[in-house]
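I want to look up how the pieces pack and how the chains meet.

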Protein chains: 2
Amino acid sequence: MTKHSSENQLKTPRTKLKRLSARGSYDRETIYDILDSGFICHIGFVADGQPYVIPTSYARIGDHLYIHGSSAGRMLGNLSRGIDICLTVTHIDALVLARSAFHHSINYRSVVVLGKAEPVTDENDKNTALKAFTEHIIPGRWAETRWPSKLELKATSVLRLPIEEASAKIRTGDPKDDEEDYEMDVWAGVLPLRLIPGEPFPDSRLKEDIAIPQYLLEYKKRGPK
Amino acid sequence: MTKHSSENQLKTPRTKLKRLSARGSYDRETIYDILDSGFICHIGFVADGQPYVIPTSYARIGDHLYIHGSSAGRMLGNLSRGIDICLTVTHIDALVLARSAFHHSINYRSVVVLGKAEPVTDENDKNTALKAFTEHIIPGRWAETRWPSKLELKATSVLRLPIEEASAKIRTGDPKDDEEDYEMDVWAGVLPLRLIPGEPFPDSRLKEDIAIPQYLLEYKKRGPK
């Protein structure tokens with residue numbers, strides 16, 4: 001089975017949208033596009049019967065999502081035991097202003113991935129994952145930095161989640177008002193929202209004569225993917 | 001007990017930060033400031049043993065958070081049964097570029113609230129909550145819209161979550177590099193990120209001669225709170 005012929009695996013009774021199913025999508029292209037456009041996810045897991053939702057950074061390599069952190073934290077410690085988790089990525093694209101309060105909405109793209117994370121223990125694999133985090137956020141940054149030492153790699157827990165059960169949900173376009181409301185003298189439409197970089201702010205201990213690197217200027221111009 | 005003397009209630013063994021406790025905060029002022037600066041949360045809940053994390057909009061009124069949706073959906077249907085949930089709000093403020101790959105980080109503010117949601121059934125209370133959603137996102141919008149009908153109120157599930165067990169986690173400022181890395185000739189610092197509104201885009205069926213309202217121009221200039 002080739003990578004992109006396994007689309008139907010991603011749709012299961014647990015990931016199938018129960019409402020507004022026209023907004024749902026289950027193919028890898030759509031899901032990967034949304035995943036690759038972000039760098040912060042929210043991970044849901046259960047500890048002592050209580051669900052927790054914790055934000056963390058992530059990167060995709062092939063058909064796996066990678067997360068990392070200290071194994072001393074609540075999340076990584078729990079996740080490394082192979083419990084069921086949910087990893088959700090959400091992009092807010094616009095406020096949708098309808099003529100009726102009821103039909104106000106938000107244009108967004110989100111992905112939900114269900115599964116169990118597994119620890120990445122091989123040193124090279126861990127290093128590859130850490131490189132992916134940096135390069136996923138700011139392409140070009142990794143080459144310039146001091147790379148992780150053996151001790152740092154040991155102190156970092158890296159987990160990977162196979163993308164096998166997932167769904168995307170997307171809302172785009174105009175508000176949908178009730179037919180009789182279209183006659184109202186009220187402005188309606190969408191207000192786009194985008195995460196935009198400001199001016200790079202140098203570290204208070206930055207050495208003199210170090211210019212802002214080209215890849216950062218390009219990132220600033222382009223914004224997050 | 002006055003509202004702001006009950007701070008210690010919010011810190012419990014379940015919300016106490018296990019790592020980097022200097023980043024943690026448990027007072028209502030800090031937590032409410034972060035909650036009021038956003039409009040999208042991620043809600044974690046368990047259904048058939050599987051945790052789910054779903055993005056949704058919210059608004060705070062006093063010491064409660066309100067969410068809404070269709071009771072036909074997976075989330076509202078489950079939540080209205082009074083199960084344990086986690087509501088998390090995250091703001092990404094900046095990328096933090098350290099000299100070492102290992103110390104790269106993100107400046108952020110997040111809040112985690114644990115508890116059980118309860119249905120809001122009174123029609124006036126539901127209406128007040130729906131007004132809060134609209135006004136929380138775009139102050140000034142509610143007055144101009146067509147307000148919810150009895151039928152619409154009935155079709156909408158509104159739930160509220162008391163803010164009784166919560167924590168905030170905040171990272172700000174410069175990267176923290178290992179002492180020996182400060183000598184490296186590598187740019188280090190922070191790159192601020194902010195959700196910024198673009199140009200309002202009129203609905204394809206907008207009536208002629210309806211100008212963009214003043215509150216929307218102000219929102220566009222100011223951005224999300």
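Predicted model: local features only at pLDDT ≥ 70, side-chain atom pairs only at ≥ 80, totals over all residues.

Which strands of chain A does helix H4 (residues 123–137) lie across? I looked, and H4 of chain A lies across E4, E5, E8 and strand E9 (156–162) of that chain. Against E5(A), the helix runs at about 95 degrees.

**Entry: the sheet under the helix.** I went through the strands next. Four of them form an open sheet in chain A, in the order E4-E5-E9-E8, and the pairing is antiparallel. I noted the edge strands as E4 (59–61) and E8 (118–120) of chain A, since each pairs on one side only. From one strand to the next, the twist averages 40 degrees.

I then checked one end of the order in detail. E4(A) is joined by three bridges to strand E5 (residues 64–70) of chain A, and the two run antiparallel. I picked out one pair there: A:Ile61 has A:His64 in E5(A) as its bridge partner.

**Entry: symmetry.** How many degrees of rotation put chain B on chain A? I got 180 degrees, with 0.0 Å of shift along the axis and an RMSD of 0.0 Å. The two copies are thus related as by a two-fold rotation axis. I also asked which residue of chain B comes closest to that axis, and B:Leu195 does, at 2.1 Å for its C-alpha.

**Entry: the contact between chains.** I counted residues on each side: chain A gives 81 residues and chain B gives 81 residues. On the chain B side, elements that each supply at least two residues include strand E3 (50–61), strand E5 (84–97), helix H4 (123–137) and helix H6 (214–222). The largest share of that side comes from E10(B), with nine residues. By class, I wrote down 46 nonpolar, 17 polar and 18 charged residues for the side of chain B that touches chain A.

Why do I say the copies meet through the same surface? Because 100% of the interface residues of chain B are also interface residues in chain A.

Entry: For a residue pair to click on, I have A:Pro202, which stands opposite B:Gly189 in E10(B).

Definitions and conventions: Residues numbered from 1 in each chain as written. Chains lettered and ligands numbered in written order. Contact = placed C-beta atoms within 7 Å. Helix = DSSP H or I, 4+ residues; strand = E, 2+ residues; numbered from the N terminus. Nonpolar A, V, L, I, M, F, W, Y, C, P; charged D, E, K, R; others polar. Pairing = 2+ DSSP bridges. Least-squares fit on C-alpha atoms with pLDDT ≥ 70 in both. Axes fitted to C-alpha atoms, helices over the stretch in contact; angles between N-to-C directions.
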